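Hi everyone, thanks for coming along. I'd like to walk you through a structure today, so please have a look at it while I talk.

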Amino acid sequence: MEHRRHPLISPVPGTERQIDSFHYGPADAERHLYIQGALHADELPGMLVAWTLKQRLAELEAQGLLACRVTLVPVANPVGLDQQLMDTPLGRYDFESLTNFNRRYANVADEIAAGLDAALNDDVAHNRDLIRDRFEAALDAMTPTTTLESMRLTLQRLACRADFVLDLHCDFDAVEHLYTTPAAWPVFEPLARYFGAKASMLATDSGGQSFDECFTLVWERLRQTFGDRFPLDYGCQSVTLELRGQRDVDHDLAAHDAQAIIDWLRHLGLVAGEAPPLPELAYPATELAAMDFLHAPIGGLLVFHARPGTVVEAGQLIAEIIDPISDRVEPVRAPQAGMFYARSQRRMATAGMIVADIAGHHSHRSGYLLAP
Ligand SMILES: [Zn+2]
């Protein structure tokens, strides 16, 4: 194991922070996996899974069973982790720029593509290595000016050469689910099975330049531009694993999730040994464009009538919003059949806020597909 420290730009004197990365397996391994936890710093189940993985990966490395390089960042967002406001942990938005910590990662596709066709050839491995070199060089050429930019760039640089990127998040109150691209689904479908994903939502570009997509979109773009002339694979596939809800920081759950990741690595041949049989997929993959955010029609007390993990019918009552002064009671119903997989932790709804998420089957959204 190798421990590296990556200092971040200090916003004011006396507040130095850093990203700590841990590296396992042969440095010259052909395949590279990147895992980070708690980029949204109020989503801590991923940090516990990462810590659990630290022990497991050290054991596998000591036994000579790791056939890939693994880069692990258990605390991806030390800035957000320090956002405690009057006994309430925050950590989703940067205070200075008011932006979501998981949006607006650098898009260097233009820099990579410039003059690329002169260097590509008929060898897919050559092309992959070349693009990774250019990807890394383009990120290295950027000069961050703020703490947030230096944090984003540090994480991107650590992950940009990885074959697989696993970004560990969670929702507010939710069952196991994940987000990935249609192209990556065959790679991650076994992980979804081991993990027990109750919803798997697929989109190529959900519009936010989020961490997972800042890698895959580069390869999408290069394949679109050059793929008819040169063999280009996906040099990086990424998935955002949503490890249930914010309160699900639990040793049994973390052990299950860490084991799911290791079983998936065995399945891919990246950890020696036989992978356990694949469990059934708990719920079919759906398009992210078919997912519905259910909004509160008025402000008021939010009282749920269903729990996450419930397969619901169109029109099924999910929650009620109660105005105790006017006695108005507004139902929140499922607009279509699907998997009700996540709900708000808040119980005083503000008018228009998102109260629940349902993975439906009828695609009807386009453009920006994510929560704020
Ligand atoms: Zn998140």
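What percentage of the 372 residues of the chain count as buried? It comes to 53%, where buried means under 20% relative accessible area, exposed means over 50%, and partly exposed lies in between, with a 1.4 Å probe and protein chains only.

Before I go on, a word on what you are looking at. This is a predicted model, so local features need pLDDT of at least 70 and side-chain atom pairs count only at pLDDT 80 or more, while totals for chains, interfaces and linings use all residues. Residues are numbered from 1 along each chain as its sequence is written, and side-chain values use heavy atoms, with hydrogens and water left out.

Let's start with the overall picture. The chain has eight helices and 20 strands; these are DSSP runs, H or I of at least four residues for helices and E of at least two for strands, numbered from the N terminus. Along the principal axes, the C-alpha atoms fill a box of roughly 70 × 50 × 45 Å. The radius of gyration is 21 Å, which agrees with the value near 21 Å that a compact globule of 372 residues would have. That radius is taken over C-alpha atoms, and the globule rule is 2.2 Å times the number of residues to the power 0.38. As for contacts (heavy atoms within 4.5 Å), 71% of those in the chain with a separation of 6 or more are between residues 24 or more positions apart.

Now to the helices. Two packed helices are described by the angle between their axes and the distance between the axes. Axes here are lines fitted to C-alpha atoms, for helices over the stretch in contact, and angles run from 0 to 180 degrees between N-to-C directions.

My opening pair is α1, residues 45–62, and α8, residues 251–267. The axes of α1 and α8 are 9 Å apart, and the helices pack at an angle of about 50°. That makes α1 and α8 oblique to each other: angles under 35 degrees count as roughly parallel, over 145 as roughly antiparallel, 65 to 115 as roughly perpendicular and the rest as oblique. The crossing of α1 and α8 is right-handed, meaning that the near helix is turned clockwise from the far one by less than a right angle, with anticlockwise being left-handed. Among the residues making this contact are Leu 48, Trp 51 and Arg 56 of α1, and Ala 254, Ile 261 and Arg 266 of α8. By class, the contact of α1 with α8 has ten nonpolar, three polar and three charged residues. Nonpolar covers Ala, Val, Leu, Ile, Met, Phe, Trp, Tyr, Cys and Pro, charged covers Asp, Glu, Lys and Arg, and the others, Gly among them, are polar.

Helix α8 also meets α6, residues 185–195. Their axes come within 8 Å and cross at roughly 145°, and the crossing of α6 and α8 is right-handed. The α6 side includes Phe 188, Leu 191 and Phe 195, and the α8 side includes Ala 260, Ile 261 and Trp 264. That contact of α6 with α8 has nine nonpolar, two polar and two charged residues.

Is α6 mostly covered or mostly open? Mostly covered: eight of its eleven residues are buried, among them Trp 185, Glu 189 and Tyr 194. The elements covering the buried residues of α6 include β7, β9, β10, β11, α8 and β12.

One more pair: α4, residues 124–140, and α7, residues 213–226, pack at about 125° with their axes 12 Å apart. So α4 and α7 are oblique too, and their crossing is right-handed.

To finish, here are some backbone spots to check. Ala 38 has a positive phi near 60°, though not a glycine; Ala 38 sits in the loop between β3 and α1 and is buried, at 1% relative accessible area. Arg 244, in strand β11, has a positive phi of about 70° and is buried, at 6%. Arg 247, in the loop between β11 and α8, is exposed at 71%.
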